[in-house]
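Please look over the sequence and the structure shown here before reading the notes on selected helices that follow.

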Amino acid sequence: MSSFKVFDEKSIQSLLDLLAVIRSVEFAYKAKAENQAEVWPMIYRKLGQAADMDIRSGWMKNKKFFGCKILQWSGNNVTRKLPAVHAVLTIMDSETGEVKGILNASTLTGYRTGAAGAVGSKFLANQDSQTLLIIGTGNEAPYQIMGQICVMPCLKNIIVVNPRHPEHAAIFVNEIKEKLKMLFVSTIRKTYPEMAGHMQQLIDGVKFIAKSDIQDAVFQADIIVTVTPSAALIQADWVKPGTHINAMGADMPWKQELDENLYKTAVAVADDREQSAVSGETQVAVQKNILRKECIAEIGDILIGKAEGWTGNQDITIFDSTGLALRDLETAALVIERSNNTESGILVKL
């Protein structure tokens, strides 16, 4: 008889801390770069005008497990008072085929995507950056903000813009500090008690500013994180030299947040070159021959020293994070490992 655990939102949040997830995501990127992991082709479909779905899968060869995530996004869920994203992930043993766990991947996605943005800035942004711009105020925004706070020690100002609903930015700014402490500091305290006070001080030390003028906000920012389903949000001539951009929202062939002309001068980095050129932020630039696919670096190669990250010059850098199943699998494995000898998760016997 085999058994596995099912993890809901509450159990995942009780077991994960963002500092550990950042390390797990770095490990996944390195494993891919070292051919110790495989990313399998993504399946995606548009479900009407304001919804889409995708299936992401992969194999961590060095750890002998594989799995897949099924995710659906609905842009109209805000009017239904429902989360915009719903997802489930299954992880299995690659030798025996036994199920290792089933997880609420909506919660998992928040952690691993926030961690991916953190890794992008850690290796591609100026570590003295003081002003962060977050474009988007949805479920993913707090994870992106906390990820940046974890790796960018000099942050002083965080500007928040909601392109579709500008009034939401002001509400978000008023609530975000307490939300960050509630979501992240308590779990960090469990694993790294010596770090919890420091993280709380970093949150308290940042000034959050709501803005409606996106062009002005872009010009002020040292680091920009876009996490929306919107099209062509940022024009090329708005971005000043030395800016780093984490493009987190474009993960389907019909999504684009940045003016493709940015790639005429920007350094292009992706989590997966092939996936980025087909369904990521670079897709339009590649289609229009502004950017050659071969010129897109992969973040894993930067982590293992095969490619260069931030060079200290005035280049604009763009990290196109299309989303890898490997990040989900490594984060899921962390949940399962930490649940051992605890009552977290629901045990299922087959």
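What should the 15 residues of helix α12 (residues 325-339) span at 1.5 Å a residue? The expected span, which is 1.5 Å times one less than the number of residues, is 21 Å, and this agrees with the end C-alpha atoms, which are 21 Å apart. The model is predicted, so local features need pLDDT of at least 70 and side-chain atom pairs pLDDT 80 or more, while totals for chains, interfaces and linings use all residues. Residues are numbered from 1 along each chain as its sequence is written, and side-chain values use heavy atoms, with hydrogens and water left out.

**Helix α12**
- Because 13 of its 15 residues are buried (under 20% relative accessible area, 1.4 Å probe, protein chains only), α12 is largely enclosed by the rest of the structure.
- Just after α12, Asn341 takes a positive phi of about 65°.

**Helix α4**
- The 20 residues of α4 (residues 105-124) should span 28 Å at 1.5 Å a residue, which agrees with the 27 Å between its end C-alpha atoms.
- In α4, 17 of the 20 residues are buried, so this helix is largely enclosed by the rest of the structure.
- At the start of α4, a side-chain oxygen of Asn104 reaches to within 2.9 Å of the backbone nitrogen of Ser106.

**Helices α5 and α7**
- The axes of α5 (residues 141-151) and α7 (residues 193-205), being lines fitted to C-alpha atoms over the stretch in contact, come within 10 Å and cross at roughly 110°.
- The two helices α5 and α7 are therefore roughly perpendicular to each other (65 to 115 degrees).
- Contact, meaning heavy atoms within 4.5 Å, is made by Met146, Ile149 and Cys150 of α5 and by Met199, Leu202 and Ile203 of α7.

Key: Helix = DSSP H or I, 4+ residues; strand = E, 2+ residues; numbered from the N terminus. Buried < 20%, exposed > 50% of the residue type's maximum accessible area, 1.4 Å probe, protein only. Polar contact = N/O pair within 3.5 Å; in protein donor to acceptor, adjacent residues only side chain to side chain. Axes fitted to C-alpha atoms, helices over the stretch in contact; angles between N-to-C directions. Parallel < 35°, antiparallel > 145°, perpendicular 65-115°, else oblique.
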